[in-house]
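Let's take a look inside this protein together. Have the sequence and the 3D view ready, and follow along.

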Amino acid sequence: MMSNLTEEDIKNRYITPALELSGWKKELMRMEFSIKVNEPFTDGKIIIKGKTAKRGERKKADYLLHHHNNFPIAIVEAKIMTKNEADGIQQAIDYARILDIPFAYSSNGVRFVEHDMLTGKERNLAIDKFPKPEDLWNRYCNFKMITEDVETVIKEPYFYREGINRPRYYQRVAINRTVEAVANNKRRILLVMATGTGKTYTAFQIVHRLYSTKKVKKVLYLADRNILIDQTILNDFAPFKDKSILTKVDNRTLDSAYDIFMSLYHQLSGEDDLEVFKQFTPDFFDLVIVDECHRGSAKENSRWRKILDYFEGAIHIGMTATPKETEDISNSLYFGESIYTYSLKQGIDDGFLAPYRVLRFGIDKDLEGYIPEDGKLDIYGQEIEQKVYTAKHFDRELIIDDRTHTVARRITEFLKQSSDRYSKTIVFCVDEDHALRMRQALVNENTDLCAINDKYVMRITGSDLLGKAQLENFIDNNSKYPTIVTTSELLSTGVDCKMCKVIVLDAIINSMTKFKQIIGRGTRLVWHKDKRFFTILDFRKATLNFSDPEFDGPASSVYNVDKNAPIPTPEDEDDMDNDFGDEEEIRFKYRVDDVPALIVSESEMIYGEDGRLIANHSANLKFLIREKYQAESEFINDWLHGDKQFIISSFEERGVDFNRFMEKDIDYFDIILDYGFSKGSLLKSERVDNLKEDEYYTEMQTIQKKVVDELLNIYLATNILSLEKIDVFELPNFNQFGGFIPTVKKLGGKQSSQTLIRDLCTKLYES
């Protein structure tokens, strides 16, 4: 009967033959670059569970149809024959929007429904009337008014060879949109991509395709830090170096024999106003790419702008994770609105970026303030000005030594409790002096490991040559030392430390741009090395920035709009005019060593739904339970008759760690009843005892009873989720019955076995 056909049956028997009939070859009915049909296009959001993490569900399309290897042009969602052909169209539209695909389809094997993402029109099609590849391509080209010359550029393949990753879906979107924009002679382009999502790789593929089609012949890649240039040459842009067409500008000399130039902007425009870039004519470069363009390229009268203005005839592409929109600087005004944005939230939800948890600490002197008694002298003999000193003053105007020691002690306690004291850790301080004192405090808290290697704790700042020399070792995935580094500005942007597992905030951060960049130091994933999430230790309430709508949304331009807006302060401004920043201005500070500072509050927050931070405690669990279930009976009915794994996952995806609530040996069911509806709880052993007194168990045949006994042993050792699938019989517990197949046979076959499991998973909770 047709009603018994699965979605897989519908695809194999009806949809795939229909697509082939319309000219869609097998190689076109695939995900990007010959990945198998039905391959997920996301990795699955990472769900933090205590000290561990697991993957959530991955998104996948039934069919992605490519016109050519760069360009998926249609998506098809399949449904069973008993459903309407339009049942999958909303999901297809949602995926088409995410993947930037112009045509979305749904089918039940009898008919197709087409949604044109370009025009918004929708229509029904007979199963044998699916559009041919050229039909869809022509419709796309006609709508976009793509000429033959433009078509040649946008069809140019990506660069690929062994060891070079293929683009993820969002990188493909960014690359394709940029290449198409350049092919259509757009001269100013902005790409916004969260830290850790591969901006330089995206830039490489853009340059490769434009260079290969001779759309551009000379390229200038600008950055403001040496390490950003070196990382790019050694990694993503290495194929250009291998072909001897790439050079790094050194000693302010330019060699026109090369085609691709990598340069620090101050190598081209130095402090002595030597305009090295004028060695080339204004029309020399066809393309200028500005990495981390938020750092000053759009600021008028900056040295960046001198270079860009000189090569104004070239295409300018700005790339950043944090577009800057202030009274004085506007990326969007210069480059135009971003043609594509891939946010931190989207990267975390897709499972390409690491989520975070936050431990927020309250220190008594920060919360209550400190007022020195009349005539109080600091350690230098200076009388301290009488006023209320709070968190914003500490380490900037007044140093409380015990506060520094308290922070260092709590950082060390956290690392010891995490069972990995070699977790790469960055401590962001108020300034270089604070970073120096914090380093010493951390050394004294970790003397055992510092005795083994004196580089266990180091300061890495702009003026610290010894520390700065260890930067490459710190970001090396395979290097143990340095482990903990203290800094003020140097590591806040651009430095790619994939293994950073802990970020410590002991400075007030008023700049949203700077805050986003700091958080970006932890978002890289290294799954095989157990870097699956990161923890933020916040001692100055800096993570309140997460609640600001601007945190993960596009910055709204205030450029030359509000003349009364405050001018950014020097500490908020991150437009650096040399490789590592000037040495900080030495500020006068009071310092006391006889004032205690204690941590008086501590709270844990988890990255939850919609990117919000949610408290990981019982009150929050109750809120989430009552938000999902209005009544106890509603939950019980869902538990007994629904998918228990889905119920638990729905809470875990919102940040709930059930392990925190299992002080006793109780089940998920009892946790939800207890915390959500104050119904108390039963131990798992009590549930098992109750079940064994029930007629359901006492009247079982001997073989059934023995199998159920083993199932209950598994339940006691793990949880109910271990029992819900028939593959539980593959566990060693059932070797006494001959293993999986003999056990199933002894129970009367697959259907009888499934019924036994289902009934057991219900009977356990009837009491």
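## Before we start

Helices (H or I, at least four residues) and strands (E, at least two) are DSSP runs, numbered from the N terminus. This is a predicted model, where local features need pLDDT of at least 70 and side-chain atom pairs count only at pLDDT 80 or more, while totals for chains, interfaces and linings use all residues. Residues are numbered from 1 along each chain as its sequence is written, and side-chain values use heavy atoms, leaving out hydrogens and water.

## A charge tucked inside

Find E432 in helix α15 (residues 432-445). E432 is buried but has no salt bridge. Buried means under 20% relative accessible area with a 1.4 Å probe, counting protein chains only, and a salt bridge needs a side-chain nitrogen of Lys or Arg within 4 Å of a carboxyl oxygen of Asp or Glu. The nearest side chain of opposite charge, R459, is 4.1 Å away. A polar atom of the E432 side chain does lie 3.4 Å from the backbone nitrogen of G462.

## An enclosed strand

Now hop over to strand β20 (residues 500-505): six of its six residues are buried, so the rest of the structure largely encloses it.

Which strands pair with β20? Strand β17 (residues 424-428) runs parallel to β20, joined by five bridges, and strand β21 (residues 534-538) is also parallel, with four bridges. Pairing takes at least two bridges found by DSSP.

Conventions
Buried means under 20% relative accessible area, exposed over 50%, partly exposed in between (1.4 Å probe, protein chains only). Lys and Arg count as positive and Asp and Glu as negative; His and the chain ends are not counted. A polar contact is a pair of N or O atoms within 3.5 Å; within protein, one must be able to donate a hydrogen and the other to accept it, and residues adjacent in sequence count only if both atoms are side-chain atoms.
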